[in-house]
Structures are given as structure tokens and as C-alpha cells.
Amino acid sequence: MALVITGASVLGEKTADLYVDDAGRLVDEPPAGAQTLDADGLVALPGLVDLHTHLREPGREDAETILTGSRAAAIGGYAAVLAMANTSPVTDTAEAALRVFDLGREAGLVDVQPVGAVTKGLAGAELAELGLMARSRARVRVFSDDGKCVHDARVMRRALEYVKAFGGVVSQHAQDPTLAGPTACCHEGEISGRLGLPGWPGIAEEVIVARDVMLARHTASRVHIAHVSTAGSVEMVRWAKAQGIGVTAEVTPHHLLLTTDLLEGFDPTYKVNPPLRPAEDVEALRAALLDGTIDAVATDHAPHARHDKEHAFVDAAFGMLGLETALAVVRTAVPDLGWADVARVMSANPARIAGLAGHGSLDVGTPAHVVLVDPTASVTVDRDASVSLSRNNPWHGRSLTSRVVHTVYAGRVTVRDGVLVAP
Ligand SMILES: NC(=O)N[C@@H](CC(=O)O)C(=O)O
Ligand SMILES: [Zn+2]
Ligand SMILES: [Zn+2]
């Protein structure tokens, strides 16, 4: 059904109606027999693209499924999500990638683009079927062992060489396991010392970022740094970009707003990988997002069942929800980021990094993926209002600026007035 979106300010600038034809594409003439979507006073942005989502299917459907995660994405204003490979079984074959891709199609709320594992079983030793995943119908372009670091430099080098053949990219979870081992559970510093929690120092991230930008230079390939969390990593990425090295980086909403002192209460909701850092790091991440050193905001939406999260801090699972709140958190954390910049870091850049065609712009002729945002709303987050299956929501009770009102995916309204339209 054709659609006219009326009255929105496009990228926060001039007000214009947006026209969508029967085929779900943006067109420049009002289509006949169109439905109307009232967007008076709202800001229109291209549908958001998340480079880093954990959907937990297959294997942990008690925490999230491709359908429930797609719902959370639509509510958050997303039109595409990249589904991380650390499922059970791992997405390390073309067959596994196709299963995720097809379940995403069935859910029909966002494009679910599988991320392929770099190594078989995320074990860090043998490369997975990168080429077969890339050439499959799922067209995998992003490869990651996320949750684990590709620690072996030789394996990382080979992966970077391999993905060049099809314009792929390796997304690295930068955590040197010899500097931040399996028990490391919060930022190493004054607070971890006082609370007696094993620390995860910033240097464990920075040495991998430094190594990998050099490997990207050596191989003339592309590396993407997942969830950058320290000022030192930012410095390294800035330097590498100035050298013309093929590096891109993402930051999560939570690393833009939350700091390590939240751990004083030992609440495992705030346990995440990489850990929440001190205010100086948060400041550096905001500045890097504003100046373009950091290319993208990615949620690292990491749903966990209660029985995995509700433990003593050291034993609880790492990760927090993010899809439904990402845009509002970014607006709240970095109010200087204009709407065109939000579109760049949450849609255009992630689409480009992931090689996702048809996403990232509001150009005529592209599929109509549009999010309509109330720029002035102030919303108090209620974790029980979430459509995710999990409740590990670090924003519960917080007030955030701006609200996703409607989401349009391929010309179809998936969220209207903040409420999911079936399925
Ligand atoms: N971010 C997290 O704390 N957890 C992620 C893994 C990851 O992104 O490293 C997860 O899969 O739960
Ligand atoms: Zn990770
Ligand atoms: Zn992750």
C-alpha cells in the first residue's frame, strides 16, 4: 500500500512530505490511493542500522529470538540489524547464516543480516567458511568472533587477507585475554581495587586495537573495532585513519553515558563487556563520535535470561539491552550531535561499513526505511514495557530525551505511535 508521511522535518531540516509507492520505495510524486502517516512535528531519519546485535537464536531462545529481537529493533527505529555469530551453534557456516537470514525474513520487521564467525566455533584457531558465507544468498560481509577476541595475530592476519576478496570486514572484540582474563569483570582502577573485583584494564583493549590497525595496514584490508571503550583506543583509531588505514569503529550507547562508578551497588545489570569506564573515557568517546573518529553507534544489544544475570557480580553474564533505547540514549548523552549526524552514525555509516544496499539514506528510489522521532519528548524507561524477552535493562527508571514514534520498514509501518504493528 502506498504511503504519504506528512509534516516531518527531514533530517531535522526543512519540512517535507515523504512519498512511498506500492513497491515500498521512496518516490518524488504523491502516489495514488496512499495511506497517510501523520508526522507533524517529528524528525524523519533513514531507518537505523545496528552493526552489533545479539539475537540469541539459535540456542538461547529463552533470552531472545530473532522475532522478539526484531520487535525490539523496530521499536527502537531500526530497519536492519547485524546478528552476531555467538549463538549456539555458532554462525560459522553458510547454512547457519542462511537460517538466521531466513528467520529474519519470516519475522519481517527489519532486515536481519547475519554476521559470520571469523573462526570455527569461535575457538580462535581455524578460519570459518568465510567465502561460502559471503557467496551465499545471505551475502555475509561482516565477520566477528564477538564475545571473544581473535587473539592469534596469524589468524587475524589471514582473516583480513581473506575478506578482501569480497569486500568484507572483520569486526574485532578487542580484549587481550592475557591482560583481561576470564574473571576480569569491571574496569581496572580505584573502584575495582576497593570492591575487590578482578579488573579489565583499558590497555587490554588498546593493544589489540594497535595491533589490528597495523595488520589492516599490512594486508591493505579493513578492520572494524567493536564497542570501543577507552580514550587510548580512540587515539589509536584517529592515528590510523590519518594514515589512511582501513579502520572503522563503533561505540555503544551505554559507553557514551554510563560510568564505572555505577558498580558501587554491585548490580550485575551494569556488568558488560567491555566494562563501563571512567568519565574521562566517556568524554573522549563523545568527542570522537562528534569529530568522526568513531564512525557508528552500535547497540551491542545483549539480552540475558534472569538466571544468567541475577548472580553475584563476578558470576553474572556480561551484557545489557540496547535496541529500544539507543536513539534516546545517544540524544541524551551527546546533545550536540545534530540530526543529520545521528543519521550518519546510526544509519548511513553502519550501512556502508556492513555493505548493506538500500539502507542509510532517504534518497528517492531506495526502499522506504524511515524512522520518525519526537525530538522534544522526555521518556522514563520502564523495563517491563520492553518487547525483548529479557529484562537486563540498564536504563530502567531513567529519563531520556526524544522518542521513536513511528518506524517504516520497506514502506510498511512496523511501529505506529510507539506500538508495534503486527506481527
Ligand atoms: N557485550 C557483552 O557484554 N556481551 C555480549 C558479548 C560481547 O559483545 O562481547 C554477549 O553476547 O552477551
Ligand atoms: Zn564484544
Ligand atoms: Zn557483542
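Q: Why is Asp146 called buried?
A: Asp146 has 26 other C-beta atoms within 10 Å. A residue is buried if 20 or more other C-beta atoms lie within 10 Å of its own, exposed if 12 or fewer, and partly exposed in between, with C-beta atoms placed from the backbone. Therefore Asp146 is buried.

Q: What kind of model is this, and how are residues numbered?
A: This is a predicted model, where local features need pLDDT of at least 70, side-chain atom pairs count only at pLDDT 80 or more, and totals for chains, interfaces and linings use all residues. Residues are numbered from 1 along each chain as its sequence is written, while chains are lettered from A and ligands numbered from 1 in the order in which they are written.

Q: Where does Asp146 lie, and which residues is it in contact with?
A: Asp146 lies in the loop between strand E10 (142–143) and helix H4 (153–163). Helices (H or I, at least four residues) and strands (E, at least two) are DSSP runs, numbered from the N terminus. Beyond its neighbours within four places in sequence, Asp146 is in contact with Met84, Ala85, Asn86, Ser171, His173 and Ala226. Contact means that two C-beta atoms, placed from the backbone, lie within 7 Å.

Q: What makes His54 count as buried?
A: His54 has 27 C-beta neighbours inside 10 Å, so His54 counts as buried. The loop between strand E7 (48–53) and helix H1 (66–75) holds His54.

Q: Which residues does UniProt list for "binding site"?
A: The unreviewed UniProt entry lists His52, His54, Asp146 and Asp300. They are spread over 249 residues of sequence but cluster in space, with a largest C-alpha distance of 9.8 Å. UniProt positions are given in the numbering used here, feature names are shortened, and annotations may be inferred rather than shown by experiment.

Q: Which residues surround ligand 1?
A: Among them are His54, Asp146, His173, Asp300 and Phe318. The test for being near is a C-beta atom, placed from the backbone, within 6 Å of the molecule. By class, the shell has three nonpolar, six polar and two charged residues. Ala, Val, Leu, Ile, Met, Phe, Trp, Tyr, Cys and Pro count as nonpolar, Asp, Glu, Lys and Arg as charged, and the others, Gly among them, as polar.

Q: Why is Leu11 called partly exposed?
A: Leu11 has 18 C-beta neighbours inside 10 Å, so Leu11 counts as partly exposed. Leu11 also has a positive phi of about 55 degrees, although it is not a glycine.

Q: Is Ala410 buried or partly exposed?
A: Ala410 counts as partly exposed, because it has 18 C-beta neighbours inside 10 Å. Its phi is positive, at about 50 degrees, although Ala410 is not a glycine.

Q: Why are such phi values worth a mention?
A: Because most residues other than glycine have a negative phi.

Q: Which peptide bonds are cis?
A: A cis peptide bond joins Glu57 and Pro58, with omega about 10 degrees. The bond from Ser88 to Pro89 is cis, with omega near 0 degrees.

Q: Why do E4 and E5 stand at the edges?
A: Four strands form an open sheet of mixed pairing, in the order E4-E3-E1-E5. Strand E4 (26–27) and strand E5 (35–38) each have a single partner strand, so one side of each is left without a neighbour in the sheet.

Q: How do you know that E3 and E4 pair?
A: Two strands pair if DSSP finds at least two bridges between them. E3 and E4 have two bridges, in the antiparallel sense.
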